[in-house]
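Have a look at the sequence and structure first, then read on.

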Amino acid sequence: MVDGDSTKSHGIAQSEKSWVEAAALGRLNQEISETGEVEKNEVLVVFPVGRERYALPIEKVREVVKAPKIAPVPQAPDYILGVGNVRGNVLAVIDLEKRINPKARLMEDLEEAFIIVIKDDTYQAGLIVRQVPDTLLVKSSQINTSSAVINNLAPEDHFIKGIVKKDKSMIILVDILEMIEVKVE
């Protein structure tokens, strides 16, 4: 019984990886497609927003942290909750659900929320999410970036860069920097 338990716990320890480790492995992974071409794998940070799941490329994420206290900013757009201090850096905190759907309620229970800190030299920003995001390794061919998907969007929604098809579900891939730059009225 003891040997079985140690094997079981040992197996769990080997199978668990942090999302940082998953990203590092994903960048190294390439596969040969059926046509013989090397197919690139993408590592995405996936999180729920409302009823949908959204994703960012792992290269755009610096870290995920527990949400700090957020101070409101006067006259900021509705989707900017305010600013928060993360490791000595003041970040604009963005509510993606409110950004996508202006009629959505603002996130109220921030004590249980997390911030996805964006990796960028220009913007100091983070997305507020209700739960710790997951990582997902997908083949580039699983990301639909066709013009039928992208060109039919409203101008204020051009931060949506594609749809990831994974196990009968869809995940919306966003360009977070373009989302921050787009002006909403």
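The report below begins with the overall picture and then takes up salt bridges one at a time.

## Overall picture

This is a predicted model. The protein is built from 5 helices and 13 strands. Of its 185 residues, 37% are buried. The exposed surface comes to about 11700 Å², and carbon and sulfur atoms supply 50% of that area.

How much of the contact count comes from residues 24 or more positions apart? Taking the contacts with a separation of 6 or more, such residues account for 53%.

## Salt bridges in the model

Side chains of opposite charge can pair when their charged atoms come close. How many salt bridges does the structure hold? There are 4, and the sections below describe pairs among them, including Arg87 with Glu63.

## Arg87 and Glu63

The side chains of Arg87 and Glu63 form a salt bridge, with 2.8 Å from N to O. This pair links distant parts of the chain, 24 residues apart: Arg87 sits in the loop between strand E6 (80-86) and strand E7 (89-94), while Glu63 belongs to strand E4 (residues 61-66).

Are the two partners buried or exposed? Arg87 has a relative accessible area of 66%, so it counts as exposed, the cut-off being over 50%. Glu63 has 16% relative accessibility and therefore counts as buried, since buried means under 20%.

## Glu97 and Arg130

Glu97 and Arg130 also meet through their side chains in a salt bridge, at 3.2 Å from N to O. Glu97 lies in helix H3 (residues 96-100) and Arg130 in the loop between strand E9 (125-129) and strand E10 (134-139), so the pair ties together parts that are 33 residues apart in sequence.

Glu97 is partly exposed, at 21% relative accessibility. Arg130 is partly exposed too, with a relative accessible area of 46%.

## Glu178 and Lys161

Another salt bridge joins the side chains of Glu178 and Lys161, where the N to O distance is 3.2 Å. Which elements does this pair connect? Glu178 is in helix H5 (residues 176-181) and Lys161 is in strand E12 (residues 160-166), so the link spans distant parts of the chain, 17 residues apart.

For Glu178, the relative accessible area is 26%, which makes this residue partly exposed. Lys161, at 29% relative accessibility, is likewise partly exposed.

Methods
Residues numbered from 1 in each chain as written. Predicted model: local features only at pLDDT ≥ 70, side-chain atom pairs only at ≥ 80, totals over all residues. Heavy atoms only, no water. Helix = DSSP H or I, 4+ residues; strand = E, 2+ residues; numbered from the N terminus. Buried < 20%, exposed > 50% of the residue type's maximum accessible area, 1.4 Å probe, protein only. Contact = heavy atoms within 4.5 Å. Areas by Shrake-Rupley, 256 points an atom, 1.4 Å probe, with all protein chains shown as cover.
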